[in-house]
Amino acid sequence: LYVFSQVAGLPALDETPRMHIPDAVRQRIERRPEWAGAIVLHASASDPNRDWQADHWNRLAQHLIDTYPFPVLEIGLTPVITLQDPRFHN
């Protein structure tokens, strides 16, 4: 953010990014305690030229499940990961 703001001719910004999560979404997440500490993936880019191959996303998700004790969640409008594992959620 610091460099991008200066390149754009703006005052140097160094604020930490903030993510707004609507209350309705927060409540749905809180009702799923098994998702605590989840690893969250967003596998589809807004520009198709930047999309990673689905096979790579599947391999990454499987590696995360095999390596860490946390569930893996895929977010986004279009599902990409087709992994069949009880610790993977779309």
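## Reading contacts, rings and charges

Trainee: Which residues does Ser44 touch, not counting residues up to four places away in sequence?

Mentor: Ser44 touches Asp51, Thr78 and Val80 once those sequence neighbours are set aside, where a contact means heavy atoms within 4.5 Å. This is a predicted model, in which local features need pLDDT of at least 70 and side-chain atom pairs count only at pLDDT 80 or more, while totals for chains, interfaces and linings use all residues. Residues are numbered from 1 along each chain as its sequence is written, and side-chain values use heavy atoms, with hydrogens and water left out.

Trainee: Where is Ser44 found, and is Ser44 buried or exposed?

Mentor: Helices (DSSP runs of H or I, at least four residues) and strands (runs of E, at least two) are numbered from the N terminus, and Ser44 is found in the loop between strand 1 (39-42) and helix 3 (54-67). A residue is buried under 20% relative accessible area, exposed over 50% and partly exposed in between, using a 1.4 Å probe and protein chains only; at 19%, Ser44 is buried.

Trainee: How is an aromatic pair described, and which residues form one here?

Mentor: A pair of aromatic rings is described by the distance of the centres and the angle of the planes. Rings of Phe, Tyr and Trp (its six-membered ring) pair if their centres lie within 6.5 Å, and the planes count as stacked under 30 degrees apart, edge-to-face over 60 and tilted for the rest. A search of the whole structure finds one aromatic pair: Trp52 and Trp57 are edge-to-face, 5.1 Å centre to centre with 85 degrees between the planes. Trp52 is partly exposed, with a relative accessible area of 42%, whereas Trp57 is buried at 13%.

Trainee: How many salt bridges does the count come to?

Mentor: A salt bridge is a side-chain nitrogen of Lys or Arg within 4 Å of a carboxyl oxygen of Asp or Glu, and by this rule the count comes to two. The side chains of Arg32 and Glu34 meet at 2.6 Å, N to O; Arg32 is partly exposed at 32% relative accessible area, and Glu34 is also partly exposed, at 43%. The side chains of Asp55 and Arg59 meet at 3.5 Å, N to O.

Trainee: How are Asp55 and Arg59 separated in helix 3?

Mentor: Asp55 and Arg59 are four residues apart in helix 3, so about one helical turn separates them. Asp55 is partly exposed, with a relative accessible area of 44%, while Arg59 counts as exposed at 54%.
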